[in-house]
Amino acid sequence: MRPIWMAMLTISMMAWTMITEASAASSRITPAELRGMVQEIAPVVAEVAGRDFDDVPEVVLADAHDLANVIYREQVHLLSAIEGMSSEQIEDQARRSAAQAPAFSGKYGFLDRRLYVSVDEIRYTLGARGNPAYLLRPMVRVVIAHELAHALQDQHADLDHQVLQAPGGDAVMAINCTVEGHAVWVHEAVAARMGLGEAVEVMAQLMGYDEPIQGTMDPDSFYHSYLYGLGRDFVAFHAALGGTEQVWRVLLEPPIGTSQIVAPERWGRQHTGVSEVMQEQLASQARRLAGRRWRSDGAALGDFDVRDQLIRAGSDGRGADGLQDGWNASYLGDPHEGVEVQLLRFDSPSAAASFVINMRARSDVQAQAVALDPFIEATGGDFDRLESDVSARESIVVRLFGQPDRFGKVWVARGSDVVQVVSMNTGATDRQLARAIQRVFRALERQRG
């Protein structure tokens, strides 16, 4: 006969097992319960957003593999519409995007119009962060509200068509900020009505839009704050201006650039951008500095692009305040060869000068940081080869194996314009750089008459 204490221990262990299993079962969300949540939340989303669903999308209890497949298919679809991309490039970029699937807990698939929710990913994320288990269902509800907002956008604004018709990367980023910002704005309002305040606070931390854009930041934090945070603020501005009808006007005619995301009052204003004449001039000067057989490219530079440059350089993203338009003409050789000639147009001479001063200060800090490194030589200072309101330069030489790698940047501000040249192993002399920059400014003067 076993001792009483052993019998009691056995009973305790059995009870603990039963409690644990019951707890696990209570935290399990079945497909039927998930469908019930969607049916419960969809009317609230429609009321908040000011539009009815044509059809409430089917919901799929997904895992990371399912989400990765959805992202992969969508990326192949979108990238296939870009001229000049080979099938290998499309495949590579789509797979890299799909590899981010574990970062997603929900996804509206605009190709099959289904709603994918990974409850396991939400549960894992809450546990890894030390959040209480009771937040699982509230978090799932917030995720559903966010993704239902995307479904509503797609049914009334045709997101696929908007992205495919966008004139460039900055326009695509502006669309992304608008639709993601709207989804955040909707899920926050739904959460307020359904008493999900604690869950929405966790969601803000997870999505990264609770951190304001200020000073120097981690690039990933900056991206999420810009996409979700500034996007939400952009939508909230228009909701305050004219309610949900104004918001839908913006969704149907999204901003044409990220300069309108940071300054919502600019939406709807005529936007001229950098003229084709100046685009060709920038490409011509980049070609003069490039190597033979290098491939060319050109694209608009928006507020996000320039702030991202500053953040990744370890500088203050606010140096892009006042940017109106920009254009980047580039020529690329192998992975270690390239040149970019950029024109940045600000709303005032002081804003243009502030950008260059900001970059010069960052260059000085970097030069000091590597001063004792035997393999890196970094110098900064002015670029005094031609007339300017303010100028700066940066030169970095890295000597590890074989031929050294040489990186250079030059910034020249005149009036409200900044010409920026970025080079990597071009062999261009200061005289050649000065000539290229001077030609751009002369073309600007001719254009103004």
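Contact here means heavy atoms within 4.5 Å. This is a predicted model: local features need pLDDT of at least 70, side-chain atom pairs count only at pLDDT 80 or more, and totals for chains, interfaces and linings use all residues. Residues are numbered from 1 along each chain as its sequence is written, and side-chain values use heavy atoms, without hydrogens and water.

**View 1. Helix α14 and its packing partners.** Helices (H or I, at least four residues) and strands (E, at least two) are DSSP runs, numbered from the N terminus. Helix α14 covers residues 349-369. Its buried residues include Phe355, Val356, Met359 and Arg362. Buried means under 20% relative accessible area (1.4 Å probe, protein chains only). The buried residues of α14 pack against α13 (303-312) and the strands β6 (338-346), β7 (376-379), β8 (390-398), β9 (405-414) and β10 (417-424).

**View 2. The largest nonpolar core.** A nonpolar core is a set of buried Ala, Val, Leu, Ile, Met, Phe, Trp, Tyr and Cys residues joined through side-chain atoms within 4.5 Å. The largest one holds 71 residues. Leu34, Val45, Val140, Ile144 and Leu148 have the most contacts inside it. Among the elements that each supply at least two residues of this core are α2 (31-49), β3 (114-117) and α6 (136-157). Helix α8 gives the most, twelve residues.

**View 3. Around Leu148.** Neighbours within four places in sequence are left aside. Leu148 then contacts Val38, Ile41, Ala42, Val45, Phe53, Pro57 and Leu115.

Definitions and conventions: The expected span of a helix is 1.5 Å times one less than its number of residues. Buried means under 20% relative accessible area, exposed over 50%, partly exposed in between (1.4 Å probe, protein chains only).
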